[in-house]
Amino acid sequence: MKRRIVLAVIALAILALVLLSRLRVEDRTGGEAPPPLFADTANEVERGRALVLLADCGPCHTARGGEPFAGGRAIPTPFGTFVTPNITPDPETGIGNWTSDDFWRALHEGRSRDGRLLYPTFPYTNYTKISRRDADAMFAYLRTLKPVRRENRPHELRFPYDQRWLLAAWRALFFRPGVYEPDPERSAEWNRGAYLVQGVAHCSACHEARNALGAIQSSDNPAGGLVLDWYAPSLTRAREAGVQHWSEEDIVTFLRTGRTQSAPHASALGPMAEVVYESLQHVHPGELHAMAVYLKSLPVDGAPPDAGAGFASAPLTGSLARGREIYMEHCADCHGERGEGRLPAAIPLAGNRAVCMDSVANPIRIVLYGGYPPGTEGSPRPFGMPPFYPTLRNDQIASVLNYVRTGCGADVPRVTADEVERNRGGPLW
Amino acid sequence: MKPLLLPIVLLGGLSLAASAAEPSATELDTIAQRVRACTPCHGAEGRATSEGYYPRIAGKPAGYLYNQLVNFRDGRRHFPMMTYLTERQTEQFLLEMAAHFAAQELPYPPPQRPNVDAALLERGRVLATEGDAQREIPACSACHGSRLMGVEPSVPGLLGLPDDYLIAQMGSWRSGSRRAHEPDCMAEIARRLEREDLAAVAAWLAVQPVPENTRPDPAFEQEPPMRCGSIPENTQAAP
């Protein structure tokens with residue numbers, strides 16, 4: 001209710017601003033992107049294909065089992081369900097009648113061909129950094145796809161989020177179109193990495209926390225629903241997903257295969273597994289290396305959890321003692337008795353960031369629903385984590401996670417049975 | 001203090017015993033360890049657990065199991081956990097999982113006791129072994145093998161399964177919530193059957209003892225009477 005009023009007020013207050021900004025001269029030239037640092041870039045369609053892959057356009061615009069890029073994937077979010085449109089070159093139901101100017105406006109300004117404002121579930125807030133030349137290459141590639149006739153389905157959004165015009169307010173507050181501007185102080189590789197991470201690969205669409213006025217977005221998952229009930233940890237916190245203390249090789253291995261092979265141990269699960277499987281594993285390692293160089297240079301908060309700490313060994317009572325019993329019965333034969341892991345079958349849990357970060361959403365979801373890291377060329381036969389929702393109660397899952405979180409070497413918030421309950425049900429990924 | 005210490009001492013002893021038997025990296029590097037994510041529902045060897053509605057997967061033909069994994073992945077069958085587990089794996093790996101469970105030879109449960117009248121059972125027997133030419137319903141045995149234990153590589157057996165499972169599967173084919181590769185012969189057959197036929201054939205199948213040799217037939221004795229998208233082309237006639 002409150003949110004609605006806030007929204008309305010903002011809308012009115014901003015309207016004038018928006019009208020003004022419409023008068024602004026449209027940017028159609030679109031800057032120069034840092035070029036790729038490897039291989040042949042002469043073939044425009046081929047370059048476009050690589051960019052579209054890295055931008056992960058296909059999976060979002062493809063329904064399960066459906067024709068590639070023909071849309072129809074439902075993206076459930078707290079605001080309702082978005083249904084992605086057909087972006088094959090079909091003239092009637094797709095974007096066959098679009099010009100490269102129309103396409104540029106969508107990517108760069110978040111507007112459709114008819115001028116409609118687009119919802120930022122389509123991450124144009126990142127794609128706006130893409131250069132005109134690269135956007136044209138992407139468009140050239142999309143035009144080579146098989147046209148598929150498939151009518152778009154309307155989104156099913158709740159009021160007031162179904163009021164498209166409200167986007168004007170949101171955009172005026174939070175969206176500034178602008179192509180990536182290289183930093184002349186930095187290396188070509190760093191600039192390429194920054195361009196990819198901030199723009200094309202849109203890591204921040206999931207990983208960056210937004211303020212509460214994210215309006216049509218959830219507070220910590222600005223990609224709307226794609227992150228669903230998962231928490232995308234911060235790339236600037238050492239206790240979360242910051243990789244400043246990793247080697248470049250480890251970062252590339254993680255992004256390419258979905259797992260690191262040695263300490264620092266990490267595996268990609270849930271939405272991150274999709275990013276690796278659909279996109280990153282197919283990307284040229286040179287591009288991933290550039291991303292690693294940039295990611296390592298991001299500012300960082302705090303220190304990673306102490307991996308050597310191990311689980312609490314002092315006499316335990318109450319819920320922690322029960323947690324240890326459950327751990328010994330259900331987890332120890334894979335993750336090791338002290339959380340040291342049993343490689344290659346399962347990674348360590350003691351000091352593991354996926355366990356130790358303040359947000360407990362991911363560890364709860366992982367214990368409830370298990371899952372495999374992605375099967376990639378570099379890791380084609382991953383080991384899987386069994387789902388425990390059929391066998392463990394909420395309080396048991398809370399106890400075992402609290403026990404495991406004694407291995408984090410610092411005070412971490414306690415997991416409660418209520419939080420486990422909240423994570424039952426809903427979409428899995 | 002004492003009662004508290006006791007479990008800790010016990011646990012300590014346990015962990016010692018366990019670490020003595022700790023498996024090596026090579027012992028863990030198996031397909032059995034990789035599919036432990038399946039065991040909470042399908043049982044360690046794919047026999048199916050007693051709780052809920054989890055189908056047996058042990059000993060079913062590998063091509064059949066593989067097709068099902070792909071069906072969950074592509075949305076032709078629906079169970080969110082199955083989709084989640086199969087979604088981002090290579091086809092090679094899904095095939096390896098399928099082959100692993102196909103190779104499990106486990107005893108089947110004893111046949112169910114008949115809980116319907118003899119006339120209905122007889123109607124079930126006729127449908128399963130002879131079909132009904134007038135209504136263009138082929139005998140189940142024409143595709144599922146004369147022993148009804150399935151045919152390699154992708155037709156499953158129909159014996160040793162509970163009648164409610166059989167009815168549920170045929171029912172979901174009729175309603176469209178289960179689909180196989182096109183042309184979907186089972187959907188067509190399920191739609192040609194009346195509700196009562198379905199109950200009859202499921203009841204008859206469920207009371208048959210499983211033959212001694214539980215393996216599927218290696219090949220069709222005769223060409224299947226309809227085209228099925230899930231049966232490889234080279235083992236059946238052209239459309």
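Which residue forms a salt bridge with B:E96? A:R381 does, with the closest N and O atoms 2.5 Å apart; a salt bridge here is a side-chain nitrogen of Lys or Arg within 4 Å of a carboxyl oxygen of Asp or Glu. Between chain B and chain A the count is four salt bridges.

A word on the basis: this is a predicted model, where local features need pLDDT of at least 70, side-chain atom pairs count only at pLDDT 80 or more, and totals for chains, interfaces and linings use all residues. Residues are numbered from 1 along each chain as its sequence is written, chains are lettered from A in the order in which they are written, and side-chain values use heavy atoms, with hydrogens and water left out.

**The interface**

Contact (heavy atoms within 4.5 Å) brings together these residues:

| Chain | Residues in the contact |
|---|---|
| Chain B | 39 residues |
| Chain A | 38 residues |

The area buried between the two chains is about 3,400 Å², with 59% from carbon and sulfur atoms; buried area is the accessible area (1.4 Å probe) that two parts lose on being put together, summed over both. In chain B, the residues losing the most area to chain A are B:R34, B:Y84 and B:R88, together 23% of what that side buries.

**Aromatic rings**

Over all chains there are 15 aromatic pairs, meaning rings of Phe, Tyr and Trp (its six-membered ring) with centres within 6.5 Å. One of them joins A:W246 and A:F254, edge-to-face (planes over 60 degrees apart) at 5.8 Å centre to centre and 85° between the planes. A:F122, A:Y124, A:Y127 and A:F175 form one aromatic cluster.

Definitions and conventions: Phe/Tyr/Trp six-rings, centres within 6.5 Å; stacked < 30°, edge-to-face > 60°.
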